[in-house]
Amino acid sequence: MSELRAMYQQAFDAFVKGDYEASVAAYQRVIERDPRFGLAYQGLAEVYSRLNRLDDAIATIRKAIECDPDEALFHTSLSRFLQRQGRIPEAEEASAVAARMNASR
């Protein structure tokens, strides 16, 4: 396993254990090493969501989408975060993007 993947796994493990502060720090270290690592942004966005930092979650998942605009998971996450903020039309739009991507696979 590459060093970057090992760092990502540490961040994920901290998330699973509920150690969100450690997870945030670990995901940020991964992103510092590779700012194009979309899954690290995804993980960080999920942590922010758990911490009820929805503005941060949305901003972070948008960075994941910038890294890989064709990843349906990222659009689905964006939809969930927007729903939690009550931004239903935007959430439905993100969900539709994800659905189109999944249908074309």
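# Calling things by their cut-offs

Student: Which residues of H6 are the buried ones?

Tutor: Ala91, Ala94, Ala98 and Met101 are the buried residues of H6. Keep in mind that we're looking at a predicted model.

Student: How do you know that those buried residues line one face of H6?

Tutor: Look down the axis of H6: its buried residues fall within an arc of 85°, so one face is what they line. Over on the other side of H6, you'll find Pro89, Glu92, Glu93, Arg100 and Ala103 exposed.

Student: What is included in the cover over the buried residues of H6?

Tutor: Helix H5, residues 72-84, is part of that cover.

Student: How does the reach of H6 compare with what's expected for a helix?

Tutor: H6 runs over residues 88-103, 16 residues in total, and spans 22 Å from its first C-alpha to its last. At 1.5 Å a residue you'd expect 22 Å, and the model's value is close to that.

Student: Back to H5, then. Why does His75 count as buried?

Tutor: Buried means under 20% relative accessible area. His75 has 10%, so the label buried applies. His75 sits in H5, and beyond its neighbours within four places in sequence it contacts Ile65, Pro69, Ala94, Val97, Ala98 and Met101. Ala94, Ala98 and Met101 are among the buried residues of H6.

Student: Now the rings. How many aromatic pairs turn up in the whole structure?

Tutor: The search finds 4 of them.

Student: What makes the Tyr8 and Phe37 pair stacked?

Tutor: The two rings are 5.3 Å apart, centre to centre, with 20° between the planes.

Student: Buried or exposed, or something in between: what are Phe12 and Phe15?

Tutor: Phe12 has a relative accessible area of 34%, which falls between the 20% and 50% cut-offs, so it is partly exposed. Phe15 comes in at 13%, under 20%, so it is buried.

Student: Which residues have the most contacts inside the largest nonpolar core?

Tutor: Tyr27, Val30, Ala40, Ile61 and Leu78, in a core of 29 residues. H1, H2, H3, H4, H5 and H6 each supply at least two residues of this core. Leu78, for one, touches Ile58, Ile61, Arg62, Ile65 and Ala94, leaving out residues up to four places away in sequence.

Student: How do you know that the chain agrees with a compact globule?

Tutor: For 105 residues, the rule puts the radius of gyration near 13 Å; the chain has 14 Å, so it agrees. The C-alpha atoms fill a box of roughly 35 × 30 × 20 Å along the principal axes, and 42% of the residues are buried.

Student: What does the secondary structure come to?

Tutor: 6 helices and 0 strands.

Key:
Residues numbered from 1 in each chain as written. Predicted model: local features only at pLDDT ≥ 70, side-chain atom pairs only at ≥ 80, totals over all residues. Heavy atoms only, no water. Helix = DSSP H or I, 4+ residues; strand = E, 2+ residues; numbered from the N terminus. Expected span 1.5 Å × (residues − 1). Buried < 20%, exposed > 50% of the residue type's maximum accessible area, 1.4 Å probe, protein only. Arc of directions from axis to C-beta. Contact = heavy atoms within 4.5 Å. Phe/Tyr/Trp six-rings, centres within 6.5 Å; stacked < 30°, edge-to-face > 60°. Core = buried A, V, L, I, M, F, W, Y, C linked by side-chain atoms within 4.5 Å. Rg over C-alpha atoms; globule rule 2.2 N^0.38 Å.
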